[in-house]
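Please open the model in your viewer and keep the selection tool at hand.

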Amino acid sequence: MSSKICRSRTRAAGAAWWPANLLGTLGCCLALAAGGSGCGPADPESLPGSEEAPPPGYIAPSPQRPGDAQRGYDALVNFGYVRCGVPYPLFAAYSKLFPTKAADKLPGRTGHNTELPYYLTSFRTKKGVELVTLNCMVCHAARLGGQLVMGLGETNSDYTGSVSSLADVLGKVLALGGSLTLNADEKAELNRFTSRSTLLAPYLGTRSKGVNPADSLGAILAAHRDPTTLAWSDTPIITPPDKEPVPLDVPPWWRVKKKNALYYMGFGRNDHSRLLMASSMLCTDDTAEADEIDARFPDVRAFLASLSPPRYSGPIDGGLAERGRLVFEGTCARCHGTYGPDKQGAGSYPNRLIDIDEVRTDDTLVEEVNSPRGRQYFGWLNTSWFGKLARVEPTHGYVAPPLDGVWATAPFLHNGSVPTLQALLDSSQRPRYFTRRVVAGEDSFDPVAVGIRYTPLDHGQLDEKDASKRTSIYDTTLLGYSNSGHTFGDALSAEDRKAVIEYVKTL
Ligand code: HEC
Ligand code: HEC
């Protein structure tokens, strides 16, 4: 225990010191006082006589509530953590038109869930109304080489037409509803779901297909709630987010076990489970219900932390990968860590936040978080029911993520602006405009450039004459969609770059 202390400050890259993560420190101290071991190694820099200084931007761990991974999986696939949806009879009528494919079913599901695709969950409300709703896997499960991988970010969703398509789907559902007799409770649930969805839709429309508006989703749901009671308010209490969401690429879940702070900017501090259950904020309008959902989330977190990345199944040139390891350890490891087996047997991950002025990738998210509106939203979270266990820190950069299984997670960077590892490590090869290349019978994974197959274009969305094709163009000149920065691979020789890519396939 002597190597552990209670840190009061985290340091960001550059000279800037960021405000103390006070609650985290307190929680950490309390855990230590109680004889726990929840706090990881202290920042050795603050230990007099310590030999090794931590890298700048080190994010210290905070204690997490223990959970059971198996129960967490059960909760993820069977429990109704999103508390509103479409009444089951209505859904059943609609789904007759679209029966669930066998490949979309998950093991371990119960009740009507056995018949539902992985991204939908059915559950009963307190009044006994059975509802069907979306779950975490609508964003956090995806296919790789034909196999569904839990925790792999979905990068093919289309949020560009969210306003019209959502209205469209609901319209169809409502039309079907006309021929079905719903009871009063079912009608009330349908109304609640429809009105919430209609309110959200205008904030979720991205410019390109594939990227995700999830951070805006959280902000708009918070804006309409009392922070203490979580009671819903039809008029916003704090400034709602911009109607143009910051585009995001969904990160893989298997990073959770290594990350001391959640989310791209590392703003998710203290109790991670409570932050994760914030994803279920759509219709949870009181703290009693929130407590009930929260009770299942240490298990959910334990399940996420138990996940391992898929292994690369194609051929790997061992000699080249070994050369790549040496280059990686010289060029990349100070930010991304080392990967076992090494002297310690398992590698080490430095949990570093890199200031935006150093990584220089798209800064729209950093600007948003640090804007008066962003600060107001973070203030809401920190003083709310969520802030009793969790905390959000408005950081000024991005976490250098663990690179386990990163070969499977194209497109790259937090906004999904770079389609392949080859282009990530040689910025002169990054396409300014591109569309995904989908060829029937051909896997969309490119094993040479390592990433998604794409076609570079000579024009952006504005110059595309065929309006129906515009949103298929990833246009890096749009606000939030830039592919700038992270030029750390540019100085490598072509041979070294190839070697690093080969090595990354082994992670
Ligand atoms: C609408 C899509 C969507 C849904 C639904 C969703 N997420 Fe996410 N999730 C995202 C996106 C996008 C991010 C990246 C946000 C960021 O880092 O700023 C993210 C981030 C995360 C992270 C952080 C990963 C990291 O590397 O730091 C975890 C863990 C996570 N989500 C778990 C969940 C769980 C559990 C649920 C269900 C309760 C859920 N998510 C529901 C889109 C979604
Ligand atoms: C100074 C720190 C730093 C160095 C050095 C560095 N990276 Fe990164 N890397 C980052 C940060 C920060 C991000 C996240 C940036 C973002 O998402 O905007 C990142 C992102 C990545 C990603 C994309 C992850 C994803 O989920 O999309 C890959 C792959 C990657 N780095 C590989 C490398 C390799 C290989 C090297 C060495 C040639 C390297 N990096 C050197 C800080 C660094």
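Predicted model: local features only at pLDDT ≥ 70, side-chain atom pairs only at ≥ 80, totals over all residues.

Residues are numbered from 1 along each chain as its sequence is written, and chains are lettered from A and ligands numbered from 1 in the order in which they are written.

First, colour the chain by pLDDT, the predictor's confidence in each residue, from 0 to 100. The average is 86, and 85% of the residues score at least 70. Over residues 1–50, the pLDDT is below 50.

Next, select Met 265, Val 500 and Val 504, the residues with the most contacts inside the largest nonpolar core, which has 115 residues. Such a core is a set of buried Ala, Val, Leu, Ile, Met, Phe, Trp, Tyr and Cys residues joined through C-beta atoms within 7 Å; buried means that 20 or more other C-beta atoms, placed from the backbone, lie within 10 Å of a residue's own. Helix H7 (residues 214–223) gives the largest share, six residues. Because domain 2 (69–306) and domain 3 (408–486) both contribute residues, the core lies between them.

Now select H7, where eight of the ten residues are buried, including Leu 217 and Ile 220. Helix H6 (184–200) and helix H15 (372–383) are among the elements covering them.

Finally, select ligand 2, which 26 residues surround (C-beta atom, placed from the backbone, within 6 Å). Cys 332, Cys 335, Thr 361, Ala 400 and His 414 are the closest.

How values were computed: Buried ≥ 20, exposed ≤ 12 C-beta atoms within 10 Å, placed from the backbone. Helix = DSSP H or I, 4+ residues; strand = E, 2+ residues; numbered from the N terminus. Domains from an automatic or database assignment. Contact = placed C-beta atoms within 7 Å.
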